[in-house]
Amino acid sequence: MKQDSLLFGAAYYDEYMPYDRIDTDMKLLKEAGMNVIRIAESTWSSWEPEDGVFDFTHLHRMLDAAVKYNLQVIIGTPTYAIPAWLAKKYPAILSVTKNGQFLYGARQLIDITNPDYLRHAERIIRRLIEEVKDCPNVIGYQLDNETRSAGAAAPETQALFVQQLKEKYPDINEFNQEFGLNYWSNRIGRWEDFPDVRGTINGSLSAAYKRFLRGCISDFHHWQASIVREYAKPKQFITHNFDYSWTGHSFGIHPEVDQFACAECMDVAGVDIYHPSQDHLTGAEIAFGGSVSRALKKDNYLVLETQSQGLLPWLPYPGQLRLQAYSHLASGANSIMYWNWHSIHNSFESYWKGILSHNLEPGETYQELKDFGTEMHSIEKHLINLQKKCCVAIVIDNASLTGLEEFPINVAAPSESDYNHILRRFFDACYELNIECDMVSVRDDFSKYPFLIVPALYSASEDTLRKIDAYVQNGGHLLLGFRSGFSNEELKIYHDNQPHLLTTCIGATYDQFTRPENVSIRFHEKEGFASVPDTYPVSDWIELVHTTTAETWASYEHPFWGKYAAITHNNYGNGSATYLACFTTIPAIKQIIKRICELINIKIPEYHFPLIHKCGYNDYGRLVHYYLNYSSSPSTFNYDGKTGLELIENHSINSGEILEVNAWDLKIIEEN
């Protein structure tokens with residue numbers, strides 16, 4: 001979605017304030033160069049304090065103030081946190097899970113398939129939008145907030161799942177066969193005898209239910225979008241603030257949400273990205289989140305939430321807020337919005353600090369953002385609508401994530417070798433090498449990319465595997481990760497040589513695997529790895545690979561496993577396939593990626609992390625380079641772009657010029 005200006009602002013909650021200060025806040029927002037507020041998504045109980053009794057006093061105060069101070073507004077539908085009266089009147093709205101039924105209090109504990117919930121949710125959505133639809137400053141609508149299915153497993157919800165299975169498998173015998181339900185006498189003779197899924201020991205059935213719940217979230221978003229579109233004006237957009245898996249901060253793709261399916265009903269993808277700061281600020285989470293967000297609509301996206309001060313470890317060093325903000329823009333974001341404007345004085349998120357601290361005074365965080373706003377707005381026409389042209393794509397897949405939840409690589413420590421940790425090792429290796437990546441789903445056309453990385457595609461249909469095979473035959477270059485092509489869509493393990501349908505493509509196969517102890521890998525000098533360190537450690541998983549037509553790029557260092565290949569490379573058709581058969585380190589993966597790029601003539605800069613390069617084409621058709629230094633020390637590099645203009649300092653830069661980027665700083669160069 002093309003924009004005329006960058007959105008810069010914060011979530012604002014007049015209803016949370018300890019006293020009336022709305023004019024003070026709006027003035028401060030404007031003085032900081034902010035032009036948008038995001039409101040309304042968190043306070044259903046304020047808008048409807050009793051069943052059918054509505055009070056939009058705070059809403060109209062915010063809308064009136066936005067008009068007065070010329071601030072744009074994004075309206076969130078308030079459906080992710082229900083009022084107490086609704087839970088009391090319809091207790092079945094609270095999700096029934098494997099661990100019992102939720103008690104009222106937290107957000108996102110709702111069974112989003114419950115008809116009483118949906119009826120009341122539709123009523124509050126319609127009443128809210130009736131109140132805001134004629135406000136000239138409303139530019140868009142956010143559907144719900146970081147939607148969850150809350151593990152819903154009430155009998156009525158499970159009945160919807162069984163009906164879906166009946167439609168997919170009209171013959172119950174075919175269903176039993178596909179899911180392997182003869183095992184431990186789990187076979188079902190009649191659909192009426194279908195057991196409670198909360199007790200299943202069948203990974204295929206458990207994964208199918210998780211897929212069903214992902215589908216419930218997609219249906220929920222499409223349902224809300226259809227309501228909002230009845231009111232939305234032509235230039236008003238619909239979005240949602242997607243988030244990610246969480247390891248104390250945003251990390252990998254979300255396990256509960258098919259974001260590609262959800263985004264189909266939206267005009268622009270939105271995202272919430274939270275990340276480490278201080279010495280732990282690397283920019284990797286910002287880059288990863290940006291790559292996923294770009295993928296959803298194949299376009300720019302909106303950062304609807306990110307941190308200013310945030311949690312206790314996140315208070316940024318001086319200069320880091322500015323660096324973080326530009327990092328979002330460099331990834332293709334068309335907005336930077338903070339959660340939230342002010343620190344909260346009560347309840348759960350009191351110590352998730354906003355732009356203003358608890359004293360509500362404009363302190364150092366506010367001042368740095370104000371300075372950034374002045375600087376950013378002076379050059380924003382050169383930064384907005386940045387279009388990427390990446391040579392490398394990484395396949396991301398919810399079904400494989402679920403598959404590795406059901407059948408973990410390491411049961412003892414699943415979080416250390418789960419799908420997202422594997423995915424992030426591939427992404428972070430590219431990131432540290434300054435290789436920008438697009439993300440693609442298995443449903444996408446990835447034929448345009450010279451280099452395709454497929455990590456741990458555990459669950460894959462035969463159509464998907466043939467598509468990958470054809471990609472290589474037609475001239476693409478594949479890096480395929482271990483445990484790929486192992487099972488079908490229902491997690492039924494393929495009963496031939498692994499990886500299924502890809503053994504000819506990779507020129508290798510295996511039938512044994514194990515958890516390694518005291519195992520490392522050694523790259524072969526004759527295959528172009530003469531200068532790499534001796535060995536790299538492996539952990540959690542190795543496959544004992546036999547080659548057929550492939551070269552062995554690396555072998556295991558071990559008295560018994562040493563005869564097997566750890567990394568292979570095979571020329572196949574007009575392309576090539578490289579296979580990584582073990583869980584190894586980011587430095588080892590970087591060696592593989594560098595070798596493939598060398599063979600297929602993808603240029604990698606000489607400089608690397610902590611100096612990160614991102615680029616894209618602006619609305620003037622000019623290539624814009626960002627050089628971001630995620631370090632407490634200055635970084636020097638040789639500028640290898642065309643002669644251009646450094647936008648922040650407004651001076652010419654020549655090709656070949658040696659440039660220095662200060663600690664936690666950046667340069668932005670627009671080629672002539």
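Colleague: What kinds of residues make up the lining of the largest pocket?
Modeller: Keep in mind that this is a predicted model. The lining of the largest pocket has 16 nonpolar residues, 11 polar ones and eight charged ones.

Colleague: And how much space lies in that pocket?
Modeller: About 1,100 Å³. The lining comes to 35 residues, and the closest to the pocket's centre are Tyr-80, Arg-107, Trp-339, Phe-348 and Glu-349.

Colleague: Which helix gives the most to the lining?
Modeller: That's helix H2, residues 44-47, with three residues.

Colleague: OK, switching to the sheet. How many strands form it, and in what order?
Modeller: Nine strands, paired in parallel, form an open sheet that runs E7-E6-E3-E2-E1-E11-E10-E9-E8. Strand E7 (237-239) and strand E8 (241-242) are the edges, each pairing on one side only.

Colleague: What packs on the sheet?
Modeller: Helix H3, residues 57-68, does, and it touches strands E2 (36-39), E3 (72-76) and E6 (138-142). The direction of H3 makes about 170° with that of E2.

Colleague: How many bridges join E9 to E10?
Modeller: Four, between residues 269-272 of E9 and residues 301-306 of E10, with the two strands running parallel. As one example, Gly-270 has Leu-302 in E10 as its bridge partner.

Colleague: Last one: which residues of helix H13 are buried?
Modeller: In H13 (398-406), the buried ones are Asn-398, Ser-400, Leu-401, Thr-402, Gly-403 and Leu-404.

Colleague: What covers them?
Modeller: The cover includes helix H8 (203-229) and helix H14 (419-432).

How values were computed:
Residues numbered from 1 in each chain as written. Predicted model: local features only at pLDDT ≥ 70, side-chain atom pairs only at ≥ 80, totals over all residues. Heavy atoms only, no water. 1 Å grid on protein atoms, 1.4 Å probe; cavity = no way out; pocket = protein on both sides within 12 Å on 5 of 7 lines; lining within 4 Å. Points joined across faces, edges and corners; volume = space filled by probe spheres on them. Nonpolar A, V, L, I, M, F, W, Y, C, P; charged D, E, K, R; others polar. Buried < 20%, exposed > 50% of the residue type's maximum accessible area, 1.4 Å probe, protein only. Contact = heavy atoms within 4.5 Å. Pairing = 2+ DSSP bridges. Axes fitted to C-alpha atoms, helices over the stretch in contact; angles between N-to-C directions.
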